[in-house]
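Dear colleague,

Here is the structure I said I would pass on. My notes follow below it.

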Amino acid sequence: MSYNWGKRALTATAVIALTTSVAACNGDTATTKKSSTSSSSTSTNGNGNTGTSGTSATQTGKLSPTGADLAKYTGQQVQWSKDECTPDVKSLTSFSLRDLAPINDRSECAKIKAPKDYGDPSKGEIDLMVTRTTPAKGENPRVLMTNPGGPGGPAGAFSVITAALSPLGTTHTVIGVDPRGVGGGTRVTCSMYGTDAEDYRNLSDSDIKDLQAAAKKTVDRCVAKEGDLLPYITTANTARDHELVRQILKVPTVDYYGVSAGTWLGAYYATMFPQQVGRFVLDSNTEFTGTMQTSFGSQPMSFQRRFKDQLLPWLARQNATYGLGSTADEVNTSYEDIRKASGEGKLGKFYPIAVDNIVAHTLYSDRGFQSAGALLKLLKQAKDGDSAALRTAEGAIGGSSATAREDSRNQNTVFMAIRCNDTSWNKDPQSYVSSAKENGPKYPLVGWFDYANECAYWPYKPVDMKVDTSKAPTMLLVQSEADPATAFEGGWKAHKASTNTRFLSADDQGNHGVVLAGGNLCIEQQAYGFLQNGKLSDKDAVCPGIPLPKEKDVHSFGITPEGEKLTMPVDPTPQWKKLLLAALGAILDELLAPKNTAPGSE
């Protein structure tokens with residue numbers, strides 16, 4: 001689940017390129033807004049009803065909440081083709097390592113038609129991109145749908161990587177449905193506006209008003225450009241899109257693996273279509289029984305926890321490599337010194353917001369710790385006068401292509417629409433100022449970022465669907481203790497409010513996305529065992545954590561998860577497979593990292 005990082009933040013692609021490059025320079029391996037809407041549109045919830053709070057979305061088992069005839073869509077014939085795949089899926093063919101080549105051979109894509117409004121198909125239709133990876137052999141394989149989160153992240157490449165990095169590619173037909181509005185289907189793309197503020201810790205009242213004006217400008221111009229589609233970009237409709245695909249595939253149930261905001265989507269599907277739920281694994285859970293504002297509201301705390309309790313101590317233990325200090329306090333002092341130098345203009349493109357943003361990105365994956373250390377080492381050297389170190393760091397940023405910038409705007413737009421359409425947010429712009437001023441001093445890494453929020457100016461009525469998965473089969477929720485983007489506490493609350501779930505914790509671990517390529521064999525054994533064989537404990541359970549990079553021991557901290565204590569199985573992975581996992585792990589990190597960043601005003 002991405003954070004609302006604010007303006008002038010680097011894109012995830014730039015962060016990956018930067019941290020990979022600087023890590024290599026230091027001898028480390030880094031894996032690394034169509035027509036204007038009328039005033040009446042403000043009371044349309046995009047679910048086929050006008051002036052309601054979206055209660056129609058909770059009617060279970062119905063693809064159309066109004067009972068409209070959708071045979072045109074459910075009976076369409078699908079034409080699968082490799083040529084139809086999006087560039088990010090096609091690019092995976094460059095990996096010819098042993099196991100991935102056959103996976104690529106079995107991956108194809110197709111566009112299908114879906115109604116813009118499932119309650120009123122006469123309003124028009126949109127395209128959806130679907131990616132399919134079939135197993136090498138076996139009759140009547142189970143169908144696994146996947147989603148990488150965001151909300152609004154394209155699912156195509158993620159689905160192929162899921163088939164390649166897990167045993168699910170041998171037992172399942174793995175499906176990725178790009179969320180409506182993004183990826184290879186009908187796209188909704190707006191410009192995202194910002195200001196030239198470079199340090200959110202020291203904003204004047206005028207700076208804050210500029211940020212609020214930029215947020216309102218983003219919404220107003222997006223509504224003017226894309227208002228005929230924006231109200232329909234909701235998780236409820238994306239869940240319907242997945243159900244439409246299931247019906248087209250003619251399978252009675254689907255299994256599901258979703259990460260981060262993908263758990264929000266999975267919970268919506270289980271609420272709306274419980275009879276079609278097979279085996280669901282929700283990884284790195286949002287508080288899906290609450291609101292979007294509640295889930296995002298926990299992020300300043302959880303990012304700070306991962307930074308303070310894991311990254312800083314790890315960097316201290318790796319002082320011989322990075323030279324940032326031998327204690328967590330010393331490393332934090334080095335970090336603050338780097339920020340201060342960046343605010344004084346001594347670090348070129350690395351102004352304070354950028355430093356905070358890059359480091360926050362690296363917290364999504366344990367692999368990112370080495371990138372964070374390598375970058376901070378270079379910036380410390382640059383602060384002390386080493387111009388070559390600064391050139392190395394700045395050179396790694398590079399420039400993004402026109403395609404990458406367009407993809408970023410597209411994903412930013414869908415991210416904004418889903419957040420604001422799904423659940424109610426505070427409409428008082430000053431409430432976000434108060435929140436930033438309260439969170440900033442306590443959680444300085446990202447706590448200052450939310451001075452302005454587009455949802456305060458959003459004109460459409462939110463769906464506000466009540467999530468209740470109790471009619472679905474039992475689902476498995478997986479959570480790491482120090483997850484920065486989806487706080488452990490939120491996942492646990494969702495579990496306790498959902499009687500048909502089991503909770504599997506990764507103790508003393510902080511990866512965002514624990515199952516796929518997380519390296520925890522205990523977690524993998526439980527999650528894949530359930531998805532493949534239907535084996536699920538009748539109790540909550542806790543897996544031991546795994547060491548951070550370059551370490552052999554697991555360092556205990558923080559929460560003590562509840563549940564039956566499991567043991568770590570012996571690692572049977574051959575070395576060639578580990579190399580493949582490392583190569584694809586870097587791509588997976590980028591897919592799970594936030595895309596809702598904006599390099600500047602447009």
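**What was found**

Serine 260 counts as buried, because its relative accessibility is 1% and the cut-off for buried is under 20%. Please keep in mind that the model is predicted. Serine 260 is found in the loop between β5 and α9, and its phi is near 60 degrees, a positive value in a residue other than glycine. Lysine 250 also has a positive phi near 60 degrees. Lysine 250 lies in the loop between α8 and β5 (254-259), but this residue is exposed, with a relative accessible area of 66%.

The backbone holds a cis peptide bond as well, joining glycine 150 and proline 151, with omega at about 0 degrees. Proline 151 is placed in the loop between β3 (142-147) and α5 (156-165).

**Helix packing**

Two packed helices are described by the angle between their axes and the distance between the axes. For helix α8 (residues 235-249) and helix α9 (residues 261-272), the axes come within 9 Å and cross at roughly 65 degrees. That makes α8 roughly perpendicular to α9, since angles of 65 to 115 degrees count as such. The crossing of α8 and α9 is right-handed. On the α8 side, the residues in contact are Thr235, Ala236, Thr238, Ala239, Arg240, His242, Glu243 and Arg246; on the α9 side they are Trp264, Leu265, Tyr268, Tyr269 and Met272.

Helix α11 (residues 299-317) and helix α13 (residues 328-343) have axes that come within 8 Å and cross at roughly 95 degrees. So α11 is roughly perpendicular to α13. Here Phe307, Leu312, Pro313, Leu315 and Ala316 of α11 meet Ala328, Val331, Asn332 and Tyr335 of α13.

**Aromatic rings**

A search of the whole structure gives 16 aromatic pairs. One of them joins tyrosine 200 and phenylalanine 449: the ring centres are 5.6 Å apart and the planes stand at 80 degrees, so the pair is edge-to-face. Tyrosine 200 sits in the loop between β4 (172-177) and α7 (205-226), and phenylalanine 449 in the loop between α18 (429-442) and β7 (475-480), so the pair ties together parts that are 249 residues apart in sequence. Both residues are buried, tyrosine 200 at 3% relative accessibility and phenylalanine 449 at 4%.

Ring pairs also link Tyr256, Tyr269, Phe273 and Phe280 into a cluster. Tyr269 is among the α9 residues that meet α8.

Two rings carry a charged side chain over the face. Lysine 217 lies over tyrosine 193, at 4.4 Å from the ring centre, and arginine 419 lies over phenylalanine 296, at 4.8 Å from the ring centre.

Asparagine 511 is found in the loop between β8 (501-506) and α20 (521-533) and is buried, with a relative accessible area of 5%. Leaving aside residues up to four places away in sequence, asparagine 511 touches Ser284, Arg306, Tyr364, Ser365, Asp366, Ser480, Asp483 and Gly518.

Glutamine 479 is in strand β7 and is buried, with a relative accessible area of 0%. Its contacts, again without residues up to four places away in sequence, include Ser284, Asn285, Phe488, Phe503 and Val514. Ser284 is touched by glutamine 479 and by asparagine 511.

Regards

Terms used. Residues numbered from 1 in each chain as written. Predicted model: local features only at pLDDT ≥ 70, side-chain atom pairs only at ≥ 80, totals over all residues. Heavy atoms only, no water. Phe/Tyr/Trp six-rings, centres within 6.5 Å; stacked < 30°, edge-to-face > 60°. Helix = DSSP H or I, 4+ residues; strand = E, 2+ residues; numbered from the N terminus. Buried < 20%, exposed > 50% of the residue type's maximum accessible area, 1.4 Å probe, protein only. Lys NZ or Arg CZ within 6 Å of the ring centre and 35° of its normal. Axes fitted to C-alpha atoms, helices over the stretch in contact; angles between N-to-C directions. Parallel < 35°, antiparallel > 145°, perpendicular 65-115°, else oblique. Left-handed = near helix turned anticlockwise from the far one by under 90°. Contact = heavy atoms within 4.5 Å.
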